[in-house]
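Work through the exercises below with the sequence and the 3D structure at hand. Each task is followed by a solution in steps.

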Amino acid sequence: MELKSHEPTGPIEQRWTEHKAHSKLVAPHNRRKHTVIVVGSGLAGGAAAATMGELGYKVKCFCYQDSPRRAHSIAAQGGINAAKNYQNDGDSVFRLFYDTVKGGDFRARESNVYRLAELSTAIIDQAVAQGVPFAREYGGLLANRSFGGAQVSRTFYARGQTGQQLLLGAYSALERQIAAGSVKMYPRTEMLDLIVYEGRARGIVTRDMVTGKIEAHVADVVVLATGGYGNVFYLSTNAKGCNTTATWRAHRKGALFANPCYTQIHPTCIPRSGETQSKLTLMSESLRNDGRVWVPRKPEDCDKDPKSIPEKDRYYFLEERYPAFGNLVPRDVASRNAMYVCENDHLGVGPKIPGEPRRGVYLDFADAISRLGKHTVVERYGNLFEMYERITGDDPVETPMKIYPATHYTMGGLWVDYNLESTIPGLFVGGEANFSDHGANRLGASALMQGLADGYFVLPFSVGNYLGELRTPPALEEDDAVCKDAVREVKARLTKLIEAPAAKHGPDHFHRLLGNIIWKYCGMSRSRDGLKDALKQIPELREQFYREVKVVPNKDETLNQTLERASRVADFFELGELMCLDALTREESCGGHFRTEHQVDGEAKRDDEKFQHAAAWEWSGDASKPVRHEEQLTFEYVKPTMRSYK
Amino acid sequence: MKTKTIKLHVWRQSGPNDAGRFETYTAENVTEHMSFLEMLDDLNEKLIADGKDPIAFDHDCREGICGMCSMVINGYAHGPDERTTTCQIHMRHVFDRGWDEVWIEPWRATSFPIRKDLIVDRTALDKIIQAGGYISIRTGSARDANEAPIPKPIADRAFDAATCIGCGACVAACPNASASLFTAAKVGHLALLPQGQAERMSRVKSMVATMDELGFGGCTNHGECEKACPKGISIDFIASMNRDLLKSLVVDRGDAEAPDEGA
């Protein structure tokens, strides 16, 4: 299979404009003849559904939550980047493009990233017009801050709730279209399969999570905006319901899955406190602007009150190893170093959990408080300090915070071309669910930007182009054989889970075990032997899961949260295996993918000669034997260099 | 690390037409570090292993921002701690209160029918937003974001209202099951901003009328909603909403007559 990116050629700053100028359109009176399915109601899905509804398409939008307003985009704290240059500090579309390509460690497609940077400014205009209350200066104009070590202040923010405010903006646009009748919303409805007819994506199979009813929905186009797969680790900063089922089922129906091993571990999360922990909480990365990261130099000090440890016995490991960037090194570097001091040097200060090294490092505000005063520091980080105290019982003003990295974002996802179309014609993928813009590592404040660029501006346009070319797709009804077969298959899959022969444990038990394997072998640091081991363990555990998973109540036609989880865990097993295989095959280190065999002085060593490509995997029918394809990446505008933060 | 045994009385109801009742469970080895929902997760895992129907409850982000979790705990919507969602309650807080016994119920309001156990249907809140909780702006047609400066105090005040997470605790806490705080938060957020002026009068009229039609009660100034609100949204917004509502009814000459002062 040849992967065609369909990216335009010519000067990069003209590509999107030229592409739009020469694409097909659908006339207004014809749009209402087309049904578009959008799965997911976060920034990408909600914005796409609202915009396409506004354009006159018949839109059906699905989400598993009880309201589209609850999609996990809501939890993003920090901000959204845009090349507005309101601060007059030399920012530009090109610079945002450059930073994003470099930050992604030269593993993203240049044309896509440039378009993203170009669209960033229109997103801010759109959001403000909707009433999104971004932070403002006393003069009444929008405020910006520098984020994640960027050299310019291009991040727009809304206290620590930027994701919430942007999502509520998209949600209000969506509700407006629902009221207008152009969008029909299906909350508490989960997509369990994709319907492909005559080579094109033509619908989905869903389960109503209240009644358990399984049915087919037919459309001319299917858009997936279903988020990332970070919950494969069991513990992550994702919402509990985030899952890979929609993308994985599309993958099994022919959509290639690209770079699954690119996952992002966020350095500033609250450490795990015990075995029953259900999720991890992120603390905004902005804390590293004023907090200093350290551990005791001597293992025997790890139990002591941190304030009693004298300065000379403190190991400020980021400042010592990276004098230029210090505590502001990128996420992957900060995370990996925290892991080294805890797991290799045994200097961790996190909670004691039986059978594990103590995982946690201090993030200390004492210096900032003595320099700026308590008032200023609390004004900057008060809401985060409160959140931390609520969870841990400690006040960061009095005693240093403890932090440890956690899975936060997944750069990999379904392979898409420049039009965000997957390898199945008529199946489009936006937001975190696709692989397209962040390469091997995502920069801070870029996820919201990508979700909204895809949702408001790229997907509605690309869908129009596709339908303009296709015109009338072959007739298909919900009671046609292909749909009925798909419904039957889904029912059989659920029955298999409900009727496991030696039912013993709920799905969470297996999810936790799977998560442990992935975290250990395919987390912040990966090795050949470890990955091979994981590839042996996962299929064994998967077999055990199908034998022993216990679903109560043992029927599907009812509200059944255990069944929902079991069905998601089943797909995580297959995805987890592909992640490890992808990580094993990629014999280099880049961005969030760090292979112990490929490093120079502890830093990631890319192999551009052999791996300057996206790896896109094709389902072969056997979860352990997928077929690997490559899309070569070319860099005309940003020359690959080694990332160095020393 | 402190560990306790907690007796739980949980509302169980198989569906909207079932009468429902409390059932009693014992949660063992509850540690101070667990969250309230993790205590229930643990109990549910044991129920599943015993072949018993686990307790159904809504939850998602577990960070206090998505608004999905919804439990009345010992009579308090989201528990007694201020500015806290159910998912943000840690057992340390429960231990501190000396509680060994906890009663857990769903949101109770006619407009929130119970689906199962602690899960209720809150689509009525979405319908209130559909009635006008937006600014009508077409994608791609916005002017430059910095063209209209907004005084910081106004922007901050709008933000205070915009923090609503739509959880419905205000409805659950209100003796009238009114959605006034929820509605007023959206009305207030948009009424304060210059972008929201064009539809200000029609918005408040339509949203309040829809709230009434959906069976929510009226506001009689109990103030329970403000106390229960996990985001601390002030009932002052209800007063501002009522003032706008009154103006819209008296003027009733369409949006051209929208008052131009900030609320």
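**Exercise 1.** How far apart do the C-alpha centres of domain 1 of chain B and domain 2 of chain B lie?

Solution. Some conventions come first. This is a predicted model, in which local features need pLDDT of at least 70 and side-chain atom pairs count only at pLDDT 80 or more, while totals for chains, interfaces and linings use all residues. Residues are numbered from 1 along each chain as its sequence is written, and chains are lettered from A and ligands numbered from 1 in the order in which they are written.

Step 1: find the domains. Their bounds come from an automatic or database domain assignment. For chain B, that assignment gives domain 1 (3-105) and domain 2 (123-257).

Step 2: take the distance. The C-alpha centres of domain 1 of chain B and domain 2 of chain B are 31 Å apart.

Step 3: look at the contacts. Two residues are in contact if their C-beta atoms, placed from the backbone, lie within 7 Å. Eleven residues of domain 1 of chain B are in contact with eleven residues of domain 2 of chain B. On the side of domain 1 of chain B that touches domain 2 of chain B, four residues are nonpolar, six polar and one charged. Here Ala, Val, Leu, Ile, Met, Phe, Trp, Tyr, Cys and Pro count as nonpolar, Asp, Glu, Lys and Arg as charged, and the others, Gly among them, as polar.

**Exercise 2.** In what order do the five strands of the open sheet in chain B stand?

Solution. Helices (H or I, at least four residues) and strands (E, at least two) are DSSP runs, numbered from the N terminus. Two strands pair if DSSP finds at least two bridges between them.

Step 1: write the order. It is β2-β1-β5-β3-β4 (chain B), and the pairing is mixed. β2 and β4 (76-77) of chain B are at the edges with a single partner strand each, so one side of each has no neighbour in the sheet.

Step 2: check the pairs. Strand β1 (residues 3-12) of chain B and strand β2 (residues 21-31) of chain B are antiparallel, over nine bridges. β1(B) also pairs with strand β5 (residues 101-105) of chain B, in the parallel sense and over four bridges.

Step 3: find the partners of one residue. B:Val10 stands opposite B:Glu23 in β2(B), and its bridge partner in β5(B) is B:Ile104.

**Exercise 3.** Which strands stand at the edges of the parallel five-stranded sheet of chain A?

Solution. Step 1: the order of this open sheet is β5-β2-β1-β9-β17 (chain A), with parallel pairing.

Step 1: β5 (183-186) and β17 (427-429) of chain A are the edge strands; each has a single partner strand, so one side of each is left without a neighbour in the sheet.

Step 2: neighbouring strands of this sheet are turned by 20 degrees against each other on average, direction ignored.

Step 3: strand β2 (residues 58-62) of chain A is joined to β5(A) by four bridges. One of the pairs is A:Cys61 with A:Met185 in β5(A).

**Exercise 4.** Where in helix α12 (residues 447-470) of chain A does a kink lie?

Solution. Step 1: the bend at a residue is the angle between axes fitted to the seven residues ending there and the seven starting there.

Step 1: the kink, of about 45 degrees, is at A:Val458, shortly before the proline A:Pro460.

Step 2: just after α12(A), A:Arg471 has a positive phi of about 60 degrees.

**Exercise 5.** How many residues does each chain bring to the contact between chain A and chain B?

Solution. Step 1: chain A brings 64 residues and chain B brings 63 residues.

Step 1: α6(A) gives the most to the side of chain A that touches chain B, with nine residues.

Step 2: by class, that side of chain A has 24 nonpolar, 25 polar and 15 charged residues.

Methods: Axes fitted to C-alpha atoms, helices over the stretch in contact; angles between N-to-C directions.
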